[in-house]
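Please examine the sequence and the fold shown below. The briefing that accompanies them is arranged by topic.

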Amino acid sequence: MHGRSVVLRIAGELDQVTAPALRAELQTALAAATPPHSLVVDLAEVEFFGSAGLNALLELRRETVAKGVQLRVAAAHKTVLRPLGMTGVDRVLGLYPDVEQALAADSHA
């Protein structure tokens, strides 16, 4: 928890093998998030970001919209940014270069 926002830090590889654990952690974080505050997913320590990670974020986005929670994704390196950009997912997520800027966006909303 960071104030009233939830921050979930993800590290390692996001692929078919780790997707079930990722989805479970995302659901736990979403359950702790309360509208209108944000859920920030920090991908700064992700070393591989495959389609399973993209799909998990898109599912989470649908769920956060339904719940009224602001989803923000913190990512600054090409391991994550390249797949987000190539698939267009970067245009539907609240994307920020780091957690601090993602959290600061709450104060401007």
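Predicted model: local features only at pLDDT ≥ 70, side-chain atom pairs only at ≥ 80, totals over all residues.

Residues are numbered from 1 along each chain as its sequence is written, and side-chain values use heavy atoms, with hydrogens and water left out.

**Strand pairing**
- Strand 1 (residues 6-14) and strand 2 (residues 38-49) run parallel and are joined by eight bridges; strands are DSSP runs of E with at least two residues, helices are runs of H or I with at least four, and both are numbered from the N terminus.
- Two strands count as paired if DSSP finds at least two bridges between them.
- Within this pairing, Leu39 of strand 2 is opposite Val6.
- Strand 2 also pairs in the parallel sense with strand 3 (residues 70-74), over five bridges.
- Gln70 in strand 3 is the bridge partner of Ser38.

**Crossovers**
- Helix 1 (residues 19-32) forms a right-handed β-α-β unit with strand 1 and strand 2; right-handed means that, with the strands pointing away from the viewer, the path from the first strand over the helix to the second runs clockwise.
- The β-α-β crossover from strand 2 through helix 2 (residues 51-67) to strand 3 is right-handed.

**Asp15**
- Asp15 lies in the loop between strand 1 and helix 1.
- Not counting residues up to four places away in sequence, Asp15 touches Phe48 and Ala52 (contact: heavy atoms within 4.5 Å).
- A polar atom of the Asp15 side chain lies 3.1 Å from the backbone nitrogen of Val17.

Conventions:
Polar contact = N/O pair within 3.5 Å; in protein donor to acceptor, adjacent residues only side chain to side chain.
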